Amino acid sequence: MFSSRTNWHHEPNNLTRKLQQLRASGRTIIDLTLSNPTEAGFEYPGTEILDSLSNRFALQYRPEPFGLLTAREAVADYYSEKNITVSPNDILLTASSSEAYAFLFTLLCEAGDNVLVPNPTYPLFEFLTQLQNVDARPYQLRYDGEWHIDIGSVRRAVTPSTKAIVIVNPHNPTGVFLKRSELEAMNDIANQHSLALIVDEVFLDYGRGEGNASISLSGARVGSTASHEETLTFTLNGISKSCGLPQMKLGWMVVSGKDELKQEVLKRLEIIADTFLSVNTPVQHALPQLLKSGRMIRRQISERVQENLSILKNALHKNSSLSLLTTEGGWYAILKIPGTRTEEEWAIQLLDGAGVYVFPGYFFEFQEGDFLVVSLLPSADNFRKGIEEIVRIIK
């Protein structure tokens, strides 16, 4: 009766069962996996946001496949503030980055084709590719004091059925920004095998140190590929992360590359987008104000992330069994832990013994080492309490 594409494993793992049990008992949980900014205690400019959704033009239905021009111009202005020139004609609005991936897999792949995805990775890719009858083939990120793409593993992963390489910049959860040398290598591979690059930049605005969002392609780290023309490139972003507004459901892709190929791509994407017309009209009219309000929200998120990162670094001085992996952006941190227990066993002990909920590393498919992953979004007080318990328990 059902498609094999939806034949997923439904049983909760031991960690999830323990979490459900403790919450049902009324136990207070310090959630260090929090990834929803609307639940993290930030101050939102509520009046401005709600007023932006009351635009009278939202009463008119204007089915524009790529999205309303005023909204696409607002996205172009977002890039202009980063000294990146993007034409509104090369921007396609989507309801989310997940939908953008679905559009692109439809555009590029036949059933059974594959795309290359980074490993470690966020588990979303497994579901997105499976739902489109596409295979996800991993290439590796390696850590030697900093994260970098194993270019050799990219080359080895390419098959005759490969259609695209997915790059996450900065990567989730490692926080590493794409290096210029890595982008040049990806260009070579993509051009050699007629592949597209899909660059997910949803955490672009949360850079730290050298890997900050203002740097350009001329730097050691790549800020944005939105104006990248060396190969066919789809750059994804949206207001879920950049403005801390996941409930508004608006993302976008920027298409760049050689003009003749780009124009053919845009024609095909127009039909795909016109088939769904998924982005609602009120949020499109609201987008200029949402992007403006997002600056205030983004600033709070960046300050919270930096504060919690400082708390984490200071706390780890008390425990030589734990170490923090280098991170350049995003809002997660990775802790290397002793291999005396499995990642899940450590996570369950923290949950059961101290009420602290963290991600075990296997959630992100780390191939080497033992890790826990924590979000840097919780309030500083909760974050400090949770990290103190981790330092106390893991020896």
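This is a predicted model: local features need pLDDT of at least 70, side-chain atom pairs count only at pLDDT 80 or more; totals for chains, interfaces and linings use all residues.
Residues are numbered from 1 along each chain as its sequence is written, and side-chain values use heavy atoms, with hydrogens and water left out.

**Salt bridges**

- Side chains of opposite charge can pair when their charged atoms come close.
- A search of the whole structure turns up 15 salt bridges (a side-chain nitrogen of Lys or Arg within 4 Å of a carboxyl oxygen of Asp or Glu).
- One of them joins D352 to K18, with the closest N and O atoms 3.7 Å apart. This pair links distant parts of the chain, since D352 sits in helix α11 (residues 343-354) and K18 in helix α1 (residues 14-24), 334 residues apart. Helices here are DSSP runs of H or I with at least four residues, strands are runs of E with at least two, and both are numbered from the N terminus.
- D352 is partly exposed at 38% relative accessible area, whereas K18 is buried at 16%. Buried means under 20% relative accessible area, exposed means over 50%, and partly exposed is in between (1.4 Å probe, protein chains only).
- R295 pairs with E81, and their closest N and O atoms are 2.6 Å apart. R295 lies in helix α10 (residues 281-316) and E81 in the loop between α3 (69-80) and β2 (91-94), so this pair ties together parts 214 residues apart in sequence.
- D90 pairs with K262 at 3.0 Å between the closest N and O atoms. D90 is in the loop between α3 and β2, K262 is in helix α9, and they are 172 residues apart. D90 is buried at 13% relative accessible area, and K262 is buried at 11%.
- R142, D150, R156 and E368 are linked up in a salt-bridge network.

**A negative patch**

- E229, E230, D259 and E260 gather in a patch of negative charge on the surface. Patch residues have over 30% relative accessible area and no salt bridge, with like charges joined within 9 Å and nonpolar side chains (Val, Leu, Ile, Met, Phe, Trp, Tyr) within 5 Å.
- D259 belongs to helix α9 (residues 259-276) and is partly exposed at 49% relative accessibility.

**A buried glycine**

- G251 is in strand β9 (residues 251-256), and at 1% relative accessibility it counts as buried.
- The C-alpha atoms of G251 and S97 are separated by 5.7 Å, though the two are 154 residues apart along the chain.
- Leaving aside neighbours within four places in sequence, G251 is in contact (heavy atoms within 4.5 Å) with residues including L92, T94 and N237.

Methods: Accessible areas come from the Shrake-Rupley method with a 1.4 Å probe; for residues, only the protein chains shown count as cover. Lys and Arg count as positive and Asp and Glu as negative; His and the chain ends are not counted. The place of a charge is taken as NZ of Lys, CZ of Arg, CG of Asp or CD of Glu.
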